[in-house]
Amino acid sequence: MSFGFSLVKESEKKQQNDKRIRDTIITIVGDYLMLHPETALFIVCDTSDNRHVFRNNLFLKWFDQFNPIYNLNFSKYDLRICNEDDDCAYCSLIMNRNCIEYLNIKKAFLNLDNDLIAKGY
């Protein structure tokens with residue numbers, strides 16, 4: 001399954017740090033992972049407008065704020081995958097620590113960069 005988040009309509013007045021957006025995304029992601037504890041969530045920050053570093057930092061901050069508050073049993077791992085031109089993608093993996101395939105999924109994710117390099121990407 002795949003899903004994404006984007007603005008339906010940009011307002012003329014830009015709002016920084018709209019807590020409703022944060023709360024909505026955290027609720028959707030948290031509810032999904034709680035309902036599907038066997039699922040791993042793979043996140044890639046959109047690079048189309050060169051704001052991927054900002055998106056990654058914001059998501060890291062949100063996760064660090066909400067994981068302890070809700071006493072979630074999730075682990076998160078992060079990767080920065082760069083090509084030879086130094087263009088980088090920011091990826092994260094979030095999954096329940098009780099997932100049956102936890103160690104295999106974690107290992108595959110952390111080796112993703114090496115696997116892509118080995119395949120010539």
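Two residues are in contact when heavy atoms of one lie within 4.5 Å of heavy atoms of the other. Keep that in mind for this predicted model. Under this cut-off, Asp 78 is in contact with Leu 60, Cys 91, Ser 92 and Phe 109, leaving aside its neighbours within four places in sequence.

## The sheet

Start with the overall layout. Three strands form an open sheet in the order E1-E3-E2, with antiparallel pairing. E1 and E2 stand at the edges, and each has a single partner strand, so one side of each is left without a neighbour in the sheet. On average, neighbouring strands of this sheet are turned by 15° against each other, direction ignored. Strands of a sheet pair through backbone hydrogen bonds, either parallel or antiparallel.

Now take the pairings one by one. Strand E1 covers residues 40-44, and five bridges join E1 to E3. Ala 40 has Met 95 as its bridge partner in E3. Val 44 is partnered by Cys 91 in E3.

How covered is strand E3? Strand E3 spans residues 88-96, and eight of its nine residues are buried.

## Helices on the sheet

Helix H1, residues 19-35, lies across E1, E2 and E3. H1 runs at about 115° to E2. Helix H3, residues 102-110, packs on the sheet and touches E1, E2 and E3. The direction of H3 makes about 175° with that of E3.

## Two residues of strand E2

Ser 75 lies in strand E2. Asp 78 is found in strand E2 as well. Is Ser 75 buried or exposed? Ser 75 counts as buried because its relative accessibility is 8%, and the cut-off for buried is under 20%. Asp 78 has 37% relative accessibility, so Asp 78 counts as partly exposed.

Ser 75 has several contacts beyond its neighbours within four places in sequence. They are Phe 63, Leu 93, Ile 94, Met 95, Arg 97 and Tyr 102.

Asp 78 also shows how the chain folds back. Asp 78 and Leu 93 are 15 residues apart in sequence. In space, their C-alpha atoms are 6.5 Å apart.

| Side chain | Partner side chain | Polar contact |
|---|---|---|
| Ser 75 | Arg 97 | 2.9 Å |
| Asp 78 | Lys 76 | 2.8 Å |
| Asp 78 | Ser 92 | 2.6 Å |

Which side chains does the side chain of Asp 78 meet in polar contacts? One is that of Lys 76, and another is that of Ser 92. Ser 92 is also among the residues in contact with Asp 78.

Conventions. Residues numbered from 1 in each chain as written. Predicted model: local features only at pLDDT ≥ 70, side-chain atom pairs only at ≥ 80, totals over all residues. Heavy atoms only, no water. Buried < 20%, exposed > 50% of the residue type's maximum accessible area, 1.4 Å probe, protein only. Helix = DSSP H or I, 4+ residues; strand = E, 2+ residues; numbered from the N terminus. Pairing = 2+ DSSP bridges. Polar contact = N/O pair within 3.5 Å; in protein donor to acceptor, adjacent residues only side chain to side chain. Axes fitted to C-alpha atoms, helices over the stretch in contact; angles between N-to-C directions.
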